Amino acid sequence: MTTVRRAVLTLPAAPLGPDNPLPALRAPAGPGALAVDARTLAELPRDMARGIGRAPLRSLLPAPVRDGYGRARTPAGLDTIVIENERLRVTVLPGLGGRIHSLHHKPTGRELLYRNPVFQPAAFALNGAWFSGGVEWNIGATGHTTLSCSPLHGATVRAPDGGPMLRLWEWERLRDLPFQVDLWLPEESDFLYVGVRIRNPHEHPAPVYWWSNIAVPEDRRILAPADAAWHHGYERGLRRVPVPVTEEGTDRTYPLNSTHAADWFYDLPEEQRRWIAALDADGTGLVQTSTDPLRGRKLFVWGTGRGGRRWQEWLTEPGTPGYAEIQAGLARTQLEHLELAGGEEFSWLEAYGPLAVDPAAALGDDWPSARAGVERSLAGALPRADVDTAYTAWRESAADAEPDEVLAAGSGWGALEVLRGGHALPGTPFPEATLGPEQYPWRELLRTGVLPPPAKGAGPGAPLVSGPWRDMLETAPADPSTEYHLGIAQWHAGDRAQAVRSWERGLKAATVRWPLLYCLAVADREDGHPDRAAERFTEAFADHGGGGTHQAAGTPTEGAVVTAEGAAVTASVTASVTTALTTSAALGREALLALLAAGLPGRARDLWDRLPEDGRRSGAFRLIEARLLLAEGRSDAARALFDEGFEVADLREGVEILGELWARLTDEPLPEAYEFRMRPS
């Protein structure tokens with residue numbers, strides 16, 4: 001019989017660390033971001049161009065940036081939920097975006113996914129922390145979801161066949177939408193069923209993005225039912241190419257045949273059954289299929305070049321086999337967003353399981369025969385009609401069913417939105433009991449019309465930016481904290497001039513000035529005033545403490561006897577000190593970069609000398625130090641930093657700053673330790 005149970009998975013893991021306390025006022029950027037230039041956009045089909053241009057992110061608000069992790073890994077226990085029947089064992093990580101960590105086929109003893117042997121965050125999610133491996137659920141906007149390393153709500157529910165089903169759900173904050181992912185294993189089935197629903201409880205339409213990303217070993221052939229694909233090569237281009245052989249005469253359905261990182265979005269015919277498969281040399285492997293609404297299919301490869309190999313090593317550990325990703329999404333490409341009308345939903349069913357195909361056909365040069373072989377095997381293992389029937393049964397009998405046993409807890413943001421909007425969301429309860437300290441000030445604003453100020457010495461708290469919350473902030477009493485949050489909401493809405501006015505009003509009466517100064521500095525930088533931005537970033541850093549030691553009153557002295565009450569106070573003080581140090585480091589990093597951008601290396605050096613020694617030794621600050629030394633004309637000292645070695649834990653996907661700095665120092669080849677370039681040099 002199918003079972004659903006809690007378990008613990010022990011892996012070498014790097015702690016996530018604290019979130020960045022500064023509001024994420026800017027949209028994600030960088031060479032690694034999926035994007036196209038204006039000329040390419042003009043040449044695309046009209047509906048594709050419309051989807052690409054739909055509701056681009058102005059910022060990451062209200063999500064926080066997650067950059068507090070490092071690279072030191074120690075064994076740690078990760079909470080899991082295991083779904084198991086006679087044929088499959090599925091391991092899910094509810095505290096890390098609900099990711100499927102493992103899909104184990106018991107009769108053959110095969111792992112169907114690429115299973116990462118470590119937990120190592122890296123800066124790939126829209127807001128930072130992300131990790132590789134397994135199957136991840138990407139909702140929000142182009143890129144990896146802001147929930148990549150966040151907990152989801154989890155509970156058991158009755159599946160359509162009467163057995164147990166795992167439901168995961170949360171409130172996605174970038175697009176302000178609730179979603180659910182239901183996973184179940186019919187008795188004696190070789191296939192995991194996954195029902196997904198995204199709801200728009202608002203009156204206005206909302207942009208929607210979804211891709212299920214499936215990591216598989218890269219020594220596979222990837223097959224999908226298409227003769228053409230849209231190719232994206234991280235150079236802001238998007239062009240239609242033949243499948244499987246490109247214009248260069250290379251079969252790109254084998255990931256190891258590509259030198260550089262690239263995406264292929266397969267152009268499936270409208271009437272075609274949706275599927276994608278990754279098969280090894282004996283014709284066996286994983287297949288993913290779905291109902292028709294999940295129309296897109298994609299292959300992502302790292303490539304065999306130095307940059308791709310370095311990224312693979314960076315995301316796991318040396319000696320670990322590499323991976324590729326096969327993906328399935330609502331649109332043809334990941335650059336597009338669909339529109340979901342108010343009060344409506346998108347829903348579909350996915351299925352994941354093993355497939356065995358005659359290798360002579362599946363791996364042969366005759367592409368139509370290879371595709372046909374997969375089609376026949378898939379039809380025998382899981383007919384298309386069975387998937388459609390399973391979807392109908394799930395949607396009609398199980399999708400709205402209320403959860404039974406709670407297995408995991410997500411955030412309190414959904415509960416807050418349900419309180420505000422009175423939304424009825426059968427099947428995905430967001431009870432008021434899940435509200436936490438981040439939501440309490442906003443609940444008070446909802447109840448009383450007044451946003452409580454933060455505690456003395458505390459930061460300004462997490463923002464909210466949607467229209468209804470902005471309206472409440474506009475009518476609340478105008479103290480500095482309220483003006484700060486109102487300005488953030490106005491900035492998010494695109495009213496930047498009004499945001500600046502709100503922050504300037506708040507600054508006049510503020511005793512804690514750094515949050516408002518930081519926001520005004522970002523506005524200056526975005527508006528093309530680098531000198532003024534540098535001044536305000538520097539002033540914000542100084543207002544927060546300027547890198548001095550943050551002494552916590554009430555911390556027990558060495559040798560003191562600590563009572564239970566005292567231990568709780570100590571823990572609270574320790575958390576407060578950690579937050580203060582994190583804020584100081586974040587402000588110092590921003591101020592240093594702004595001073596260098598304004599051509600003020602002398603001022604940057606003065607600020608550098610005020611940073612704590614521990615902070616200056618981190619990889620992120622060693623990189624800034626190299627830039628500072630170059631700005632001072634001390635190239636030999638900058639080169640010595642590179643020779644000594646450093647690692648920037650939150651190095652952004654596709655960022656090429658390491659190679660650019662190295663090229664200013666020497667004509668020698670870039671050392672492999674710093675080779676993260678994802679496109680041709």
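Because the model is predicted, local features are reported only where pLDDT is at least 70 and side-chain atom pairs only at pLDDT 80 or more, whereas totals for chains, interfaces and linings use all residues. Residues are numbered from 1 along each chain as its sequence is written, and side-chain values use heavy atoms, with hydrogens and water left out.

## Overall build

The protein contains 19 helices and 25 strands, where helices (H or I, at least four residues) and strands (E, at least two) are DSSP runs numbered from the N terminus. Its radius of gyration is 26 Å, close to the 26 Å that the globule rule gives for 681 residues, so the protein is as compact as a globular protein of that length; the radius is taken over C-alpha atoms, and the rule is 2.2 Å times the number of residues to the power 0.38. Taken along the principal axes, the C-alpha atoms fill a box of roughly 70 × 65 × 60 Å.

Of the 681 residues, 56% are buried, a term that stands for under 20% relative accessible area, with exposed meaning over 50% and partly exposed the range in between (1.4 Å probe, protein chains only). Val465 and Gly77 are separated by 388 residues in sequence and by 35 Å in space, C-alpha to C-alpha.

## Backbone sites in loops

Two cis peptide bonds can be described here. One joins Leu61 and Pro62, with omega about 5°, and Pro62 has its place in the loop between α2 (46-52) and β2. Another joins Val243 and Pro244, with omega about 10°, and Pro244 lies in the loop between β17 (239-242) and β18 (262-266).

Positive phi values in residues other than glycine form a further topic. Asp176 has phi near 65° and is found in the loop between β10 (164-172) and β11 (177-184), where Asp176 is buried at a relative accessible area of 14%. Glu188, which is not a glycine either, has a positive phi of about 65°; Glu188 lies in the loop between β11 and β12 (192-199) and is exposed, with a relative accessible area of 57%.

## A negative surface patch

Glu188 also belongs to a negative surface patch, which is formed by Glu86, Asp161, Glu187 and Glu188. Patches are made of residues with over 30% relative accessible area and no salt bridge, like charges being joined within 9 Å and nonpolar side chains (Val, Leu, Ile, Met, Phe, Trp, Tyr) within 5 Å.

## Salt bridges

Side chains of opposite charge can pair when their charged atoms come close. A salt bridge is counted when a side-chain nitrogen of Lys or Arg is within 4 Å of a carboxyl oxygen of Asp or Glu, and by this rule the count comes to 52 salt bridges. The table lists some of them.

| Pair | N to O distance |
|---|---|
| Asp227 and Arg371 | 2.8 Å |
| Glu590 and Arg525 | 3.1 Å |
| Arg622 and Glu625 | 3.6 Å |

In the salt bridge between Asp227 and Arg371, Asp227 lies in the loop between β15 (221-223) and β16 (228-232) and Arg371 in helix α5 (residues 367-381), so the pair ties together parts that are 144 residues apart in sequence. Asp227 is partly exposed, with a relative accessible area of 48%, whereas Arg371 counts as buried at 15% relative accessibility.

The salt bridge between Glu590 and Arg525 has Glu590 in helix α14 (residues 564-597) and Arg525 in helix α12 (residues 514-526), so this pair ties together parts that are 65 residues apart in sequence. Glu590 counts as buried at 14% relative accessibility, and Arg525 as partly exposed at 26%.

Arg622 and Glu625, by contrast, both lie in helix α17 (residues 619-631), 3 residues apart, about one turn of the helix, and both are buried. Elsewhere, salt bridges that share partners join Arg5, Glu84, Arg89 and Lys106 into one network.

How values were computed: Areas by Shrake-Rupley, 256 points an atom, 1.4 Å probe, with all protein chains shown as cover. Lys, Arg positive; Asp, Glu negative; His and termini not counted. Charge placed at Lys NZ, Arg CZ, Asp CG, Glu CD.
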